[in-house]
Amino acid sequence: MEANFPRPDAQTLLEIYRKATLIRRNDDRAHKVIRSGRMVMPFYSTKGQEIIPSALSVSLNADDYICTIYRGIHDSLAKGLSLKKLWAELGGRVTGSCKGKGGPMHITDPSIGIMVTTGIVGSTMPIANGLAWASKLSGNKRVTIANFGDGASNIGAFHEALNLASLWKLPVIFMCQNNRFAEHTTFADCTAVDKVSTRASSYSMPGYTIDGNDPDEMYGTARIAIERARAGEGPTLIEAMTYRHNGHVFGDDGHYMDAEERAAAIAADPLPKLRARLIYDGIASEDEIKAIEDGFERELDEAINEALASPYPALEEMKRDIFAHEIG
Ligand SMILES: Cc1ncc(C[n+]2csc(CCOP(=O)(O)OP(=O)(O)O)c2C)c(N)n1
């Protein structure tokens, strides 16, 4: 990270830990719920990637926008999505964030700036440009985050979107979460450059490759990019290096992942490190941290039980919320 980038203060670090813990506990719980047979859903784990959205979103305003992908529950929770709306949506229930019509791969809650979750690889970037362009035209100073994976940086839409965002100085941040894998393919097997961030120079914007699991680096770089966007200076490409602990989707054992590399990444898990730092630096006591963790477990119990007790959407809902003008 550049030496002059800002660092998180004690309360911000605690907030980053709080968000990252919520995401981790939620991910662990989703695995348990699927295994128990209580819910059936496609599930793309974000285990290992929690610090990225947690350290980024502490610098976002409530009305800033994010666009994310199927592996994006961490982004949505960090932006403030309620566990109740999330779990109801995961279960396809009418009380979900999309009235149960989106499901796990399409979590959306515009009321808190979660504008889209998409399954089309590479599509967050042009959508984010559209939102950012609208912000620019209206002068509302909102910043848009386009989350995507390393694999998506090889899609044509990535290049088109970076070009246009730079040309029009759009208030957008291209947030590449480089977890080392596309579906089952390693980064090196499908990418012609060593670093995604080197592509930023082709489109005249700043590009950074940072340790996305380091809360200081992630916070500092995201804040600089957010301030640049808000000041009307244009987009930034951030490549946050991380590691996907699990396979691509629930049920994929990740046999194609190098076993040593995977074990090393899991051993370097950033969450216990941050937890120990908070205690060592006197930012929070063991008891306070335990209370946060236990609180999330209780919230999860409640959200899951409530979701399972909620009804599915009625048949009449099928044609609603599709077009700007309802067709009845
Ligand atoms: C346009 C398109 N092509 C292919 C796919 C199939 N597919 C789903 S996920 C995925 C891997 C994407 O990897 P990456 O962008 O690195 O994101 P990650 O899953 O690692 O977070 C692919 C190829 C798709 N959904 N959309």
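## Exercises: salt bridges and a cavity

At 9% relative accessibility, Arg24 counts as buried. The model is predicted.

**Exercise 1.** Which residue does Arg24 meet in a salt bridge, and what does the pair tie together?

*Solution.* 
- Step 1. Find the partner. The side chain of Arg24 meets that of Glu50, at 2.6 Å from N to O.
- Step 2. Arg24 sits in helix 1 (10-36), and Glu50 in the loop between helix 1 and helix 2, so the bridge ties together parts 26 residues apart in sequence.
- Step 3. Glu50 has 0% relative accessibility and counts as buried. The cut-off for buried is under 20%. Arg24, at 9%, is buried as well.

**Exercise 2.** Work out where Lys47 and Asp28 lie, and state whether each is buried, partly exposed or exposed.

*Solution.* 
- Step 1. Confirm the contact. The side chains of Lys47 and Asp28 form a salt bridge of 3.1 Å, N to O.
- Step 2. Locate the residues. Lys47 belongs to the loop between helix 1 and helix 2, and Asp28 to helix 1, so this pair links parts 19 residues apart in sequence.
- Step 3. Read the accessibility. Lys47 stands at 22% and is partly exposed. Asp28 stands at 30% and is partly exposed too.

**Exercise 3.** Describe the salt bridge between Asp294 and Lys290 within its helix.

*Solution.* 
- Step 1. Take the distance. The two side chains meet at 3.1 Å, N to O.
- Step 2. Take the spacing. Both residues lie in helix 11 (residues 286-309), four residues apart, about one turn of the helix.
- Step 3. Asp294 is partly exposed at 29%. Lys290 is partly exposed at 40%.

**Exercise 4.** How many salt bridges does the whole structure hold, and which residues are linked in a network?

*Solution.* 
- Step 1. Count. The search finds 25 salt bridges.
- Step 2. Trace the network. Its members are Arg25, Arg29, Arg275, Glu286, Glu293, Glu297 and Asp301.

**Exercise 5.** Characterise the largest cavity by volume, lining and contributing elements.

*Solution.* 
- Step 1. Count and size. There is one cavity of 30 Å³ or more. The largest cavity has a volume of about 70 Å³.
- Step 2. List the lining. It holds 13 residues, with Pro53, Leu56, Ile66, Asp75 and Asn147 nearest the centre.
- Step 3. Assign elements. Helix 2 (51-57), helix 3 (73-79), strand 3 (144-149) and strand 4 (172-178) each give two or more residues to this lining. Helix 2 gives the largest share, four residues.
- Step 4. Sort by type. The lining has eight nonpolar, three polar and two charged residues.

Conventions: Residues are numbered from 1 along each chain as its sequence is written. This is a predicted model: local features need pLDDT of at least 70, side-chain atom pairs count only at pLDDT 80 or more; totals for chains, interfaces and linings use all residues. Side-chain values use heavy atoms; hydrogens and water are left out. On a 1 Å grid over the protein atoms alone, a cavity is a set of points where a 1.4 Å probe fits but cannot get out, and a pocket is an open set with protein on both sides within 12 Å along at least five of seven lines; lining residues have an atom within 4 Å of a point. Grid points are joined across faces, edges and corners, and a volume is the space filled by probe spheres set on the points. Ala, Val, Leu, Ile, Met, Phe, Trp, Tyr, Cys and Pro count as nonpolar, Asp, Glu, Lys and Arg as charged, and the others, Gly among them, as polar. A salt bridge is a side-chain nitrogen of Lys or Arg within 4 Å of a carboxyl oxygen of Asp or Glu. Buried means under 20% relative accessible area, exposed over 50%, partly exposed in between (1.4 Å probe, protein chains only).
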